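Thank you all for coming; I would like to walk you slowly through one structure this morning.

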Amino acid sequence: MPENQGSSSSLSSFGRSIFGVRQEQVHSVEASHESDSCNLELGSFQKRVTDRFQDLSVASDEEFLSISWIQKVLNAFILCLEDFRAILLNNKEHVTKPPLDRMVSEFFDRSVKALDICNASRDGIEKIRTWQKLLEIVFCALGSSKRALTEGQFRRARKALMDLALTMLDEKESGSIFSQRNRSFGRHNSSKDHHSTGHSRSHSWSVSRSWSASKQLQSIANNLVPPRPTEIAATSRLAIPVYTMNCVLLIVLWTLVAAIPCQDRGLSIHFSVPRQLSWSTPVSVLHERITEESKKRERRNSNGLLKEIHQIETSSRHMTDLIDSAQFPLADDQKTQIDCDVNELMRVCEAFRNGLDPLERQVREVFRKIMACRTEGLDYLGTSSHNEQ
């Protein structure tokens, strides 16, 4: 009997040990599966960011910095933000723990500063619409082939071109009329706001007359550094997509300010990313191409690097010189040159008619996506903080 009891006890102990080993193996397999799934998700995110910016960086000179290309930039940002939002949703248990909670909060702090740039860009688009109306006056005055051109038509076209030149002067005060109308998308000023003489400094409502796109970009770029190895390990590598999304946010906003008229534009921000990140090469190429474009002699004093803005500046100057030198009756070569310039203006007007509304809608969509992601993310962090208390 004692031997049987000893044997029974050893078998029981052996069974418990086997069961414990099996449990550990199951937990180990589950943890390994979760780790592999997370790595796959993060790797897929990095690849999609790389592919999107690769397509943008290799755009032809004809397409680069055009309205349609800027739309592609904004669409790439929206897709990246949606992917990033899904990563946060799938890893809420990590997002709410340090140090990742701090990193995510810093991203949301940067993203809310993007709202002012969205508002300023919307007003820049409105400014372009003013230029478009003046161009259409020129086109109406000189674009009819059914009647002979007269001195009266030339005077009308010249006045519109002079008004255009004045409105396109890149002066600090020229943006004030637009900044007064600047508001958050989807909201309207109340009568109280309409009659107010002051403009509060707010990221979600308006930008003041002293607001600076250059300083706002610099504020977003401040302290943007790659995560340390210890931070990457402590966050199960989730620090990498947070850093990636910070850089995507910065390069897209910088591109928007470069292309579209904004109050106190400036492109001199420090931007460098680690070469080991797969998307660093196309993003750096994109940054270099835009920087080189801004340094061209004919673009230095431009209101924006948008391709269509350059076409306005070039065509309107040429048309003004042609009108000033015209003598009546017009010679055949003058008529031919006027027809050529009018056709160029018509193409620019057509690009604005087809592109400005979709571009503005996309800027609005960027605004809304940033707000939605930030609200959802802060809700995670707030719930976690409340539960800990």
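This is a predicted model: local features need pLDDT of at least 70, side-chain atom pairs count only at pLDDT 80 or more; totals for chains, interfaces and linings use all residues.

Of the 389 residues in the chain, 45% are buried. If we take the contacts between residues at least 6 apart in sequence, 79% of them join residues at least 24 apart. The accessible surface of the chain comes to about 20,700 Å², and carbon and sulfur atoms account for 51% of that surface.

Is T255 buried or exposed? With a relative accessible area of 1%, T255 is buried, because the cut-off for that class is under 20%. Setting aside the neighbours within four places in sequence, T255 is in contact with W69, I70, V73 and I290.

Now to helix α5, which runs over residues 151-167 and has 17 residues. From its first C-alpha to its last, α5 reaches 24 Å, close to the 24 Å expected at 1.5 Å a residue. Which residues of α5 are buried? They are Q153, F154, A157, A160, L161 and L164. These residues cover an arc of only 130° around the axis, and so they lie on the same side of α5. On the face turned away from that buried side, α5 carries the exposed residues R155, K159 and L166.

Let me turn to the charged side chains. How many salt bridges does a search of the whole structure find? The search finds 25, and I will describe some of them.

One of them joins R102 and E231, with the closest N and O atoms 3.2 Å apart. This pair links distant parts of the chain, since R102 belongs to helix α4, residues 100-142, while E231 belongs to helix α9, residues 229-234, and the two are 129 residues apart. R102 is partly exposed, at a relative accessible area of 38%, whereas E231 counts as buried at 11%.

Another salt bridge brings together the side chains of R299 and E293, at 2.9 Å from N to O. Here R299 is buried, with a relative accessible area of 4%, and E293 counts as buried too, at 16%.

In helix α13, residues 332-388, we find R347 and E344 three residues apart, which is about one turn of the helix. R347 forms a salt bridge with E344, the closest N and O atoms being 2.6 Å apart, and E344 counts as partly exposed at 22% relative accessibility. Finally on this topic, E82, R85, E365, R368, K369 and E376 are linked in a network of salt bridges.

For those who think about cysteines, the structure holds zero disulfides. C140, for example, is in no disulfide, and the nearest cysteine sulfur, that of C349, is 8.8 Å away. C140 is partly exposed, with a relative accessible area of 47%, while C247, at 2% relative accessibility, counts as buried.

That brings me to the backbone. As background, most residues other than glycine have a negative phi, and most peptide bonds are trans. Which residues does a cis peptide bond join here? The bond is between P98 and P99, with omega about 5°, and P99 has its place in the loop between α3, residues 92-95, and α4.

Phi of L65 is near 65°; L65 lies in the loop between α1, residues 2-57, and α2, residues 67-90, and at 2% relative accessibility L65 counts as buried. Phi of D264 is near 55°; D264 is found in the loop between α10 and α11, residues 280-295, and at 38% relative accessibility D264 counts as partly exposed.

I will stop there and take your questions.

Definitions and conventions: Residues are numbered from 1 along each chain as its sequence is written. Side-chain values use heavy atoms; hydrogens and water are left out. Buried means under 20% relative accessible area, exposed over 50%, partly exposed in between (1.4 Å probe, protein chains only). Contact means heavy atoms within 4.5 Å. Accessible areas come from the Shrake-Rupley method with a 1.4 Å probe; for residues, only the protein chains shown count as cover. A disulfide is a pair of cysteine sulfur atoms within 2.5 Å. Helices (H or I, at least four residues) and strands (E, at least two) are DSSP runs, numbered from the N terminus. The expected span of a helix is 1.5 Å times one less than its number of residues. The arc is that of the directions from the helix axis to the C-beta atoms. A salt bridge is a side-chain nitrogen of Lys or Arg within 4 Å of a carboxyl oxygen of Asp or Glu.
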